[in-house]
Amino acid sequence: IQQDVARCLCSITSNAENQVGVFGPDEMRALFHLANSDEENCARDACIAIGNVAVIAKNQLSIAKLGGLPPLIKQLGSEFVSCQQYACRALYRLAAHVDNQPRIVDAGGLVGLIELCKSKSTETAAMTLTNLGTSGINQVHIVKQGGLLPLIELTKSENPDCNRYAGMALCNLAVNRQNRRAMVDAGSGGLQAAILLMKDDDADVKKYSAIALCNMANNPNTQSQAVVHGCLPPLLVLANSSDPDCQRHSLMCLSTLAANESNHSMMMHKGVLKTVIERSQSNNVHSQCLALSALRRLANFPDNRGRLVRAGILKPLASAGNSTELEIQREVAACLCSLSLSEDDRVEIAKHCVVSLVFLAQSGDVEAARQSVGSLANLGEDIETH
């Protein structure tokens with residue numbers, strides 16, 4: 001009888017019109033009772049039904065509050081793959097509601113989900129961990145309970161959906177500063193996983209991987225490691241792509257890496273300078289600003305200044321200096337202030353950039369104005385610039 005009832009409810013809930021206003025507390029609790037069964041067909045069909053009604057945001061919270069989590073979490077450890085998968089699917093949908101994310105973790109859901117990342121139910125488990133990982137406290141719990149290595153292993157899967165959700169989950173985990181050390185420690189392979197996924201065919205996977213890499217490269221050690229592990233070629237491919245999101249996130253990562261002087265030689269050798277100069281002329285304000293940020297960081301170091309000038313940085317800086325965007329004004333002014341410290345290049349800088357510097361010196365932004373006045377003062381030390 002239970003099997004027939006579960007199958008019937010599974011069919012009823014597959015109709016979108018039945019997912020709202022039909023299942024009240026009593027019907028929900030009946031579904032949960034069936035989902036708690038040790039019999040495969042009964043438990044599977046009940047989990048499917050719960051997953052069907054969990055499409056509706058209002059139902060997501062009701063299911064959790066009425067006691068739907070324990071039977072679903074129980075089925076994560078079922079001997080039957082079908083029960084595992086449909087319990088995962090239901091939890092994935094429930095985890096879309098921000099209020100349910102801590103509830104699922106507090107109810108013990110992480111252990112089963114992490115185990116399933118190593119099984120035939122990897123895709124749905126990774127999907128659920130991706131949703132749970134949007135919560136800051138859950139990000140720490142997922143790593144502490146051993147979720148990192150299984151997710152990293154999934155980035156090597158031949159299943160593109162596994163790659164996609166593993167990449168998204170790692171991106172979420174890397175947002176949390178407490179996780180970054182664990183992600184790059186020897187043996188974990190977080191940096192390598194992000195670099196590998198940046199070569200994926202899926203634009204979203206590339207984007208999330210670039211974000212993850214940028215978050216992990218938050219100190220000089222990991223910035224150097226990222227370059228050693230080969231992050232520059234795929235980042236340059238993304239920076240030169242037609243996808244604005246991929247461009248933006250790769251440039252953010254290149255700017256982060258440029259903060260480390262030990263990376264500069266390799267960045268120059270791999271063609272980073274040419275790409276960021278091109279992107280500094282982008283029509284996309286965000287990409288332009290990030291490219292200028294990378295140039296500003298490269299210009300902070302004396303050995304780079306002459307090379308930047310010879311590479312053709314001045315005309316793009318002069319053009320960008322006329323922008324009304326305050327962030328771009330700040331980046332241009334700071335970059336020119338550093339470049340103007342190079343005595344050999346002052347005449348050339350004055351030739352191309354004085355008009356822009358005068359404009360920036362009148363900026364409503366104090367920092368942009370200060371850096372521009374400093375640049376003019378530096379240039380004025382050479383009589384040839386007068």
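Student: How far apart are the mean positions of the positive and negative charges of the protein chain?

Tutor: Lys and Arg count as positive and Asp and Glu as negative, with His and the chain ends not counted. Each charge is placed at NZ of Lys, CZ of Arg, CG of Asp or CD of Glu. Here, the mean positions of the 34 positive and 38 negative charges are 1 Å apart. This is a predicted model, in which local features need pLDDT of at least 70, side-chain atom pairs count only at pLDDT 80 or more, and totals for chains, interfaces and linings use all residues. Residues are numbered from 1 along each chain as its sequence is written, and side-chain values use heavy atoms, without hydrogens and water.

Student: How many helices and strands does the protein chain have?

Tutor: Both are DSSP runs, numbered from the N terminus: helices are H or I with at least four residues, strands E with at least two. The protein chain has 26 helices and zero strands. Its radius of gyration, 27 Å, is well over the 21 Å that the globule rule gives for 386 residues, so the chain is more spread out than a compact globule. That radius is taken over C-alpha atoms, and the rule is 2.2 Å times the number of residues to the power 0.38.

Student: Is Thr 122 buried or exposed?

Tutor: Buried means under 20% relative accessible area, exposed over 50%, and partly exposed in between (1.4 Å probe, protein chains only). Thr 122 is buried, at 14%, and lies in helix 9 (residues 122–132). Across the protein chain, buried residues make up 56% of the 386 residues.
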